[in-house]
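Here are my notes on the model you asked about. Please read them with the structure open beside you.

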Amino acid sequence: MLLQIAEPGQSAAPHQHKLAAGIDLGTTNSLVATVRSGEAKTLVNSQGRDMLPSVVRYTADSVVVGYAAMAAAVDDAENTIVSVKRLMGKGYNETLALKDKVPYQLIDQQGLVAINTVQGVKNPVEVSAEILATLANTASETLGGELNGVVITVPAYFDDAQRQATKDAAKLAGLNVMRLLNEPTAAALAYGLDSGQEGVIAVYDLGGGTFDISILRLRRGVFEVLATGGDSALGGDDFDHAIVSYLQQQTGEAQLSHQAMRQYLTTARNIKEQLTGSDTVSFSLPVTGSQFSGTLSKAEFEQLIAPLVKKTIRACRQVLRDAGLTSDDIVKVVMVGGSTRVPLVRSEVATFFATEPLTSIDPDKVVAIGAAIQANVLVGNKAEGDTLLLDVIPLSLGLETMGGLTEKIIPRNTVIPVARAQEFTTFKDGQTAMALHVVQGERELVEDCRSLARFELRGIPPLPAGGAHIRVTFQVDADGLLSVTAQEKSTGVQANIQVKPSYGLSDDQVATMLKGSMQYARQDMQLRLLREQQVEAERVLEAVSQALKADAALLSAQELTTINQALTTLASVKQGDDTAAIKAAIEHTNTLTDDFAARRMDKSIRSALTGHNVDEV
Amino acid sequence: MNYFQLFNLPAKFDLDLTELGSRYLKLQKQFHPDQHSSGSERDKLLAVQQTANINDAYHSLKQPLLRAEHLLALRGLKISHEQRSFTDPLFLMQQMELREQLAEIEQSADPDAVIDDIERQLQQQKKQLLQQLATALDSETAEQDHLAADLIRKLKFFFKLQQELELIEQQLQD
């Protein structure tokens with residue numbers, strides 16, 4: 001819709017119920033949920049389970065996801081991928097610390113991390129796509145139709161590369177992502193809509209592999225993220241590893257085979273879970289030639305994990321500072337993630353925020369439920385979108401300057417979408433190209449930040465040194481994803497930008513993967529592209545018609561005729577099967593209506609603020 | 001772009017922040033990309049651009065220094081392009097003294113008390129300068145505008161000191 005504004009009580013069209021789902025793509029477990037009869041619920045698969053372990057096993061000729069994959073985790077550890085979320089959007093050199101902690105083989109795929117399996121090299125995007133496809137299948141089967149759109153949650157701390165990788169995985173799984181939603185925001189949505197809470201709340205999310213702390217302000221239906229922080233490499237898995245180290249000390253087994261490691265991890269998880277209810281747990285592990293038996297007390301366990309829990313509390317303190325608040329300002333604390341069942345975590349959080357945390361919604365499901373609520377709104381099933389999610393960028397975006405220093409362009413916790421422009425001049429006569437290096441992070445030195453992408457601007461008009469002024473605009477969309485455009489100011493020439501993501505797949509690579517994937521080998525790729533353009537054409541036709549209905553008065557008779565002609569052409573081209581022609585007709589219509597859209601925008605800004613005259617203030 | 005116009009508010013330094021906040025949310029509710037997730041690609045892009053503008057405008061008007069700078073820019077005076085040095089020796093002396101106090105916090109017997117003391121001085125100075133700034137901007141003469149530009153530059157020093165103070169406070173806590 002051409003930024004169409006539905007008047008209250010007057011919905012755009014008699015709408016049919018669309019199928020939408022919220023997906024919590026977790027490190028350890030994943031879930032899918034949807035809103036049915038006004039209630040958000042997680043969906044169960046054919047085995048009657050809603051929790052899907054985020055585990056993918058590759059055999060020579062098949063792919064198994066979930067519990068069945070996990071069952072093979074001990075016997076076929078090298079081909080069973082667990083915790084793949086930790087690898088999303090990462091370079092090989094960044095995952096070296098994980099090398100000893102995962103039983104599968106990490107390899108360097110042109111700088112990116114990938115996994116060597118019996119089925120060949122798989123990258124994290126492909127592995128995640130398998131999990132997403134499995135969840136989407138569960139949803140389609142339960143709801144009886146293809147999903148119109150999904151909302152996928154990501155840790156608030158995820159940087160651009162990690163978010164992009166998640167979106168790529170969804171694309172590969174054939175899903176239409178309406179929004180990437182921060183996990184804590186989703187959790188707050190799940191609670192906020194239920195209770196109508198107002199005030200500042202903290203969302204403490206300790207999952208399997210990530211820790212997020214977010215400070216949100218809820219008022220009059222607006223969810224405002226004030227600040228986010230955390231640690232993308234800290235979670236319940238680390239509790240398990242701490243216990244494993246302890247067990248190793250006890251048994252004296254310094255070196256563990258992949259299989260033994262798996263067994264130790266399973267034992268560690270059991271101990272952790274049992275210690276939420278009892279004070280002492282006994283365990284038994286095989287050592288060379290015999291069996292080792294021992295016990296671990298709650299106090300000992302708490303001693304083991306205390307430094308990790310302290311680390312989360314430090315992050316809480318930091319994020320409060322970022323938000324300019326103290327712990328007194330927090331009215332509620334929402335607990336998310338299975339690790340928040342650990343009593344020490346609950347008590348430390350309660351002490352720090354001086355309030356008993358909320359745990360009434362299952363901490364494993366609360367994120368998926370919130371995502372489902374938002375998916376239902378975005379797909380258009382709710383006539384009036386009462387809620388507004390204002391999100392912030394979790395890490396500062398900067399540019400490399402002379403001497404390996406960074407210059408911040410968009411500081412962290414800036415509300416998104418955001419656009420910032422920066423001007424550059426050429427330093428040589430006749431210079432026609434320029435390279436920019438975009439990084440994400442808070443540190444002064446480029447080498448301490450995350451490299452996001454290198455951009456090469458080409459086609460700068462040749463002018464004397466300092467003569468060309470290039471205005472580079474960095475835009476971050478509502479999903480937190482960056483795009484860059486550049487323009488030479490004096491000539492208006494648009495510079496071409498070649499993007500080379502540092503730790504991500506290029507558009508071409510994603511397209512190749514799409515073609516190569518099992519999912520689409522059977523389908524006709526051409527047909528898929530045609531359908532996409534037809535759907536887009538449909539949207540454009542609908543949008544412009546609605547806009548004309550409401551605001552034809554903003555156009556001259558001549559303009560109206562031209563636009564109507566374009567619409568007729570688009571409608572007829574859409575019926576055919578010429579993908580390129582449909583694309584061209586869409587672009588033609590867009591160009592013709594750009595001005596109209598701008599005028600409508602001005603008008604709606606004015607009408608949004610009517611009743612507020614300058615005179616009354 | 002005139003940010004005051006966007007929010008349909010009078011271009012004055014003395015701004016009703018509550019009113020600004022409620023208008024900001026109104027516009028956000030209408031233009032946020034989430035409200036257009038089933039629209040065409042072009043319309044989605046427009047929504048992103050428009051919300052980015054609204055965010056930028058709100059951000060600039062909310063903070064007194066940025067608001068003052070924007071107001072001056074609308075009157076044709078760009079601070080960032082102005083190269084003027086301070087000729088106010090009293091101000092420079094005061095800055096140097098405050099910097100010395102900051103440097104001595106860690107060695108002092110009661111760092112918290114010193115921090116509180118510096119904090120008080122900074123707040124007081126800021127308040128005074130902001131009042132002067134409001135008066136200067138209200139008179140809308142070229143001469144007063146230049147005075148306002150000077151005041152903004154001075155205030156920037158105080159905001160910077162405030163940041164450094166907070167950093168020191170953090171380091172002491174950690």
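1. Burial comes first. In chain A, 53% of the 617 residues count as buried. Keep in mind that this is a predicted model.

2. A:Cys316 has a relative accessible area of 1%. A:Cys449 has a relative accessible area of 12%. Buried means under 20%, so A:Cys316 qualifies at 1%, and so does A:Cys449 at 12%.

3. What about disulfides: how many does the structure hold? Zero, over all chains.

4. Now the surface. The accessible surface of chain A comes to about 27100 Å². Carbon and sulfur atoms account for 48% of that area.

5. Next, overall form. The radius of gyration of chain A is 26 Å. A compact globule with 617 residues would have a value near 25 Å, so chain A agrees with that expectation. Along its principal axes, the C-alpha trace of chain A spans about 90 × 60 × 55 Å.

6. Which elements make up the fold? Chain A contains 14 helices and 28 strands. Look for both kinds when you turn the model.

7. Contacts tell you how the chain meets itself. Take the contacts in chain A between residues at least 6 apart in sequence. Of these, 65% join residues at least 24 apart.

8. Last, charge. Chain A carries 55 positive and 72 negative side chains. How far apart do the centres of the two sets lie? They lie 1 Å apart.

Terms used
Residues numbered from 1 in each chain as written. Chains lettered and ligands numbered in written order. Predicted model: local features only at pLDDT ≥ 70, side-chain atom pairs only at ≥ 80, totals over all residues. Heavy atoms only, no water. Helix = DSSP H or I, 4+ residues; strand = E, 2+ residues; numbered from the N terminus. Rg over C-alpha atoms; globule rule 2.2 N^0.38 Å. Buried < 20%, exposed > 50% of the residue type's maximum accessible area, 1.4 Å probe, protein only. Contact = heavy atoms within 4.5 Å. Areas by Shrake-Rupley, 256 points an atom, 1.4 Å probe, with all protein chains shown as cover. Lys, Arg positive; Asp, Glu negative; His and termini not counted. Charge placed at Lys NZ, Arg CZ, Asp CG, Glu CD. Disulfide = S-S within 2.5 Å.
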